[in-house]
Amino acid sequence: MHDKMSEKWHPSHRKRFFWAGYRRHAEKLRNEDPMKPAKQEDERFARVFSSFVEYLDLPDGTVADYLKVSRASVRRWKKGQNLPYMRMRGEILRALAEL
């Protein structure tokens with residue numbers, strides 16, 4: 001039935017209907033927090049990473065040399081700032097586990 005109606009609709013009406021639906025969808029996305037899972041994952045990585053480094057009782061420089069990153073990166077990761085890409089986080093934690 002909708003197909004029959006859409007055939008009768010003028011192209012400008014179809015376009016308005018499409019954009020109205022798009023605007024509703026965009027408004028819904030704006031009201032939700034799409035970054036919430038990523039924020040939780042970031043906090044989790046920072047917490048696990050900092051506790052791992054603390055448990056190993058190694059200086060940031062040693063950890064940085066082992067991971068082949070700068071000491072500043074290690075300090076930032078422990079604070080939850082400028083975290084590595086999601087796909088690298090597992091490898092980083094696995095590498096720390098081997099120390």
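**Exercise 1.** Classify Glu 91 by its relative accessibility, and find its salt-bridge partner.

*Solution.* Step 1: Glu 91 has 43% relative accessibility, so Glu 91 counts as partly exposed (buried means under 20% relative accessible area, exposed over 50%, partly exposed in between, with a 1.4 Å probe and protein chains only). This is a predicted model, in which local features need pLDDT of at least 70, side-chain atom pairs count only at pLDDT 80 or more, and totals for chains, interfaces and linings use all residues. Residues are numbered from 1 along each chain as its sequence is written, and side-chain values use heavy atoms, without hydrogens and water.

Step 1: The partner is Arg 94, at 2.9 Å from N to O (a salt bridge is a side-chain nitrogen of Lys or Arg within 4 Å of a carboxyl oxygen of Asp or Glu).

Step 2: Both residues lie in helix H6, 3 residues apart, about one turn of the helix (helices are DSSP runs of H or I with at least four residues, numbered from the N terminus).

**Exercise 2.** Find which residue pairs with Arg 89 in a salt bridge.

*Solution.* Step 1: The partner is Asp 42, with the closest N and O atoms 2.8 Å apart. Step 2: Arg 89 lies in H6 and Asp 42 in helix H3, so the pair ties together parts that are 47 residues apart in sequence.

Notes. Helices (H or I, at least four residues) and strands (E, at least two) are DSSP runs, numbered from the N terminus.
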